Amino acid sequence: MVEVTLWGSLSAVAGGKARHEIEAKDIRELFRKLAEQYPGIEPWIDRGIAVAIDGTIYRDTWSKELPEGAEIFLLPRLAGG
Amino acid sequence: MNFDPRFSGRQFASVGTRPIRPDGIDKVTGRARYGADFNMAGQLVGRVLRSPHAHAVIKSIDTSKAEKLAGVKAVITAKDLPDLTDGDAAMYDILDNCMARKKALYDGHAVAAVAAIDARIARQALKLIEVEYEVLPHVTDVDEAAHHHAPLINDQVFTEGLEEKPAKPSNVTKRTQFGHGDVHKGFAEADFVVERSFKTEQTHQGYIEPHACVASVNADGTADLWVCTQGHFVYRQHCAQLLGLEASKLRVTSSEIGGGFGGKTHVWAEPVALALSRKAGRPVKLVMTRDEVFRASGPTSATSIDVKIGAKKDGTITAAEATLRYSSGPYAGSWAEIGAMTAFACYKLENVKTVGYEVLVNRPKTAAYRAPSAPMAAFAVESAVDELAKELGMDAVDFRIKNAAQEGTRASYGPVYGPIGIGPTLEAVKHHPHMKAPLKANQGRGMACGFWFNFGGQTCTDLNIGMDGSVSLAVGTVDVGGSRASLSLVAAEELGIDYSHVKAIVADTSSLGYNDMTDGSRGTFSSSMATISAARNAIKILRERAAQTWDIPVEDVHWEKGHAIAKGEKYGNLSPLSLKEIAAASGKTGGPIAGHSELVADGAGVSFATHICDVEVDPETGSTRVIRYTVVQDAGKAVHPTYVEGQYQGGAAQGIGWALNEEYIYGKDGRLQNAGFLDYRIPVCSDLPMIDTQILEIPNPNHPYGVRGVGETSIVPPLAAIANAVSNAVGVRMTHIPMSPPRILAALDAEREG
């Protein structure tokens, strides 16, 4: 079980809650379970969500494991120049 | 991927040295081939017809007269680029931006294009195309566009991110919010509060090389595109989707690039060139004029930002809040969102809230510009931070040091930081001789901090060892700032050979697996990780070949300083085998030796910089001259320090232009008034002082060498550092970028009039 924090705008489509407890071993499973629970999140996942695990931002490694007790924070996927 | 990216703390032999870049001689002798330098047999000249109106319905387009003109081989409109985007809204916007479908949404929006046997006939043909417009009311100012009375640019847009879906459409496409704590409580605890509003005008990346490409679509469905881009694989994906081609049949070759800075992460003319070639049955070369570059490609957002910061008497910030409005052109974007994330990222804040609003305007589609959105947010925040330090009677650097984020701080955008470099950059600035240098009359000093995320992404690299032991390195990230030299150093480091034996190239899209583009400061970060991985895979084969030669187990063969070494007393009489010797024998030991790598280079470390700037302002004319400038930035590990310094200097130079002069100026008719370098003033060498640099190296724990991205952060602090310097020089807080002479004089007049 990991605790996941969503940024302000995303929490609006996740029942208005910023913090969620999810049973997920990696980013892929986290996204799947969030989408099952809150279908409104799916278009956001399609557009791109980055996952910060203990402060390190992962944009594409959906196989990245979510360690027990880690700080998990969802962020918009960013553009660069 | 079986690759451990963790920082290892190793000692370096090649990395950190400063060899001459492999593309340098070609560039200074004029041999380097840029986008417009490629030609194909039988190629035609492409030209684009653009809307003169800021906002207009396209009622009809009659191309018949142009088509009849001798020498014209193809004329296209949106009908020749049918919508194949299958509900992908972002791709539809790109398609509509390349060629307007129902409405022209800004001055310069493409409405038709021709391919002819020469430029003269192409220009004549454009004049023969008859477009009937119904001109609509327009809006180009970000604040006016956000107002509920503003002309609607897209009546299907309802603001996202609100608690309830709005009943009426709006030019505000999205609201986003970040932060933590309780800002009301924080401001109640403050002894001093600064609250100000700021504006920044729209600027262009100002790359010297205009967009240019040669497209050739063949009758069998295959196609070639030679193009100046920051990401040829992404261009392939986008062009293939928009043209209905199979990606594998479209081969895209990137040319040398004369600057991109984010503006060449986006297709503009390339789908049009391909559509012209498909219709004409001949190659088409399309090169944008400077006027077109300004009117129809890549500007950054114009912004309007409100900032409020409160602090206790002891200098502790108790609360910080910002509302950021960013223009995105006529299509939805996420530019204010990034501004809202980066605005307060330098600071340790218990109570922080940022809200971003994305605003449609009748201007060109906003594109990324070097650390997109961060410089404007930093300008507003760092100006207010400076003002608050003054009110507190604290030194500007000490105030920032007291409130700087550190390892374990919760970032204003959410997560907790790992090891970061904001504190060390501030300490370095505090002790830098620049801070103690005397100033004369009409001179002022300013400093400011900046933050950027950096990121990695999909990366693929091939490393091939020739029979003579030399090494070819094929990468898929376009070299925008010397990465071929840096990546050659990395390959030499891993293999234990001399840099001069490595030759790096940027491979085309048919020769290598997919690579994300060179943006987000990812080029050297990502491709160095893939190069290390590829080199280690090659070393594994080199060890196997040596083991085979010696007829011993591979586990007993180690790789040290470019040689296979048999470890163990029983092999005492075996001389090490060099890479060159193993390569020479490769034909008899199993064939070619190569290392390949495909990976997602995630875990790019965030980056911080602090800049110091001295200016002199002429109080009679308002003209400002930067007389001294210093950049201090964390690089993680500088692979090639000269090019890291170049990135630092380049970002500062662009920031100086943005801060003092650069600005899109629109007339009341919605037309751009200064679409050329005579009227859009970018700095030239004589405008700039020597920009001094100091590289700090706080290793990124998620890269084997500790590398962070370095390309973008250096443009984040300049607007604020220069604004603080000018404000200190003239004694008036400057709140509007650029601080052009008229704006400085107006601020001085306003101050005098009270």
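1. Which elements of chain B make a right-handed β-α-β unit? They are β10(B), helix α7 (residues 232-243) and β11(B). Right-handed here means that, with the strands pointing away from the viewer, the path from the first strand over the helix to the second runs clockwise. Helices (H or I, at least four residues) and strands (E, at least two) are DSSP runs, numbered from the N terminus.

2. Some ground rules before going on. This is a predicted model, where local features need pLDDT of at least 70, side-chain atom pairs count only at pLDDT 80 or more, and totals for chains, interfaces and linings use all residues. Residues are numbered from 1 along each chain as its sequence is written, while chains are lettered from A and ligands numbered from 1 in the order in which they are written.

3. On confidence, pLDDT being the predictor's own score for each residue, from 0 to 100: chain A has a mean of 91, with 100% of its residues at 70 or more. Within chain A, helix α1 (residues 8-11) is lowest at a mean of 85, and helix α2 (residues 27-37) is highest at 95.

4. Strand β10 (residues 223-227) of chain B runs parallel to β11(B), and five bridges pair them; two strands count as paired if DSSP finds at least two bridges between them.

5. Chain A has an open sheet of five strands, in the order β2-β1-β5-β3-β4, with mixed pairing. β2 (19-22) and β4 (56-58) of chain A are the edge strands, each with a single partner, so one side of each has no neighbour in the sheet. From one strand to the next, the twist averages 30 degrees.

6. Inside that sheet, β3 (residues 49-53) and β5 (residues 72-76) of chain A run antiparallel and are joined by five bridges. Ile49(A) sits opposite Pro76(A) of β5(A).

7. Helix α2(A) lies across β1 (2-6), β2, β3 and β4 of chain A, at about 110 degrees to β2(A). Axes are lines fitted to C-alpha atoms, for helices over the stretch in contact, and angles run from 0 to 180 degrees between N-to-C directions.

8. Finally, the interface: 34 residues of chain B are in contact with 22 residues of chain A, contact meaning C-beta atoms, placed from the backbone, within 7 Å. On the chain B side, β7 (172-180), α10 (335-342) and β17 (457-465) are the elements giving two or more residues, and β7(B) gives the most, with three.

Terms used
Contact = placed C-beta atoms within 7 Å.
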